[in-house]
Amino acid sequence: MATTRLKSLLRLTLMGLVLQGSAAFAADLTGNWRTIDDKTGFAKSIVKIEKNSAGEYTGTIIRVVPRPDYTPQELCTKCPAPNTNKPIIGLTVLSGLKDDPKKDNHFMNGSILDPLSGKVYGAKARVSEDGRRLTMRGYVGVSMLGRSQSWFREEK
């Protein structure tokens with residue numbers, strides 16, 4: 001009888017640890033992220049990602065990162081309305097991104113704005129298990145027709 005109780009207690013404890021462990025790997029998307037240009041490898045900007053009351057993530061440029069031989073734009077001259085000629089700093093470039101209910105650390109159904117070209121793309125993202133790397137994918141139509149960038153979490 002004592003052995004049966006001990007086995008039951010041990011099973012419950014192990015189940016609790018497994019459930020707790022899986023929740024610990026659900027990475028948080030909110031925070032400041034250093035965007036990396038997938039073509040040059042240089043950092044471009046710092047984007048602050050927040051979650052609104054509707055459960056959607058938005059990302060706003062809070063700083064442009066200087067890099068060699070590049071003069072950053074101050075205004076989004078090619079952006080569609082209502083962002084035409086708005087300052088780059090303070091520009092919302094990511095919107096509508098939601099948690100993917102089927103996959104931990106995955107996000108879907110968003111849109112992302114490229115301030116240099118003014119083009120808006122579909123967006124999905126994935127955060128690494130340690131929460132330090134964000135793979136942001138912008139695409140047209142289907143995800144296969146797009147490109148990905150790595151963003152890195154800024155230390156608080």
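Q: What are the ground rules here?
A: The model is predicted: local features need pLDDT of at least 70, side-chain atom pairs count only at pLDDT 80 or more, and totals for chains, interfaces and linings use all residues. Residues are numbered from 1 along each chain as its sequence is written, and side-chain values use heavy atoms, without hydrogens and water.

Q: How much space lies in the largest pocket?
A: About 500 Å³. A pocket here is an open set of points on a 1 Å grid over the protein atoms alone, where a 1.4 Å probe fits, with protein on both sides within 12 Å along at least five of seven lines. Volume is the space filled by probe spheres set on the points.

Q: Which residues lie nearest its centre?
A: K44, L113, D114, P115 and Q149, out of 29 lining residues. Lining means an atom within 4 Å of a point.

Q: Which strand gives the largest share of that lining?
A: β8, with five residues. Strands are DSSP runs (E, at least two residues), numbered from the N terminus.

Q: And the volume of the second largest pocket?
A: About 160 Å³. Its lining includes D100, K124 and R137.

Q: New topic. Where is the cis peptide bond?
A: It joins A81 and P82, with omega about 10 degrees. P82 lies in the loop between β3 and β4.

Q: What is phi at D69?
A: Positive, about 55 degrees, although D69 is not a glycine. D69 is in the loop between β3 and β4.

Q: Is D69 buried or exposed?
A: Exposed, at 86% relative accessibility. Exposed means over 50% relative accessible area (1.4 Å probe, protein chains only).

Key: Helix = DSSP H or I, 4+ residues; strand = E, 2+ residues; numbered from the N terminus. Buried < 20%, exposed > 50% of the residue type's maximum accessible area, 1.4 Å probe, protein only.
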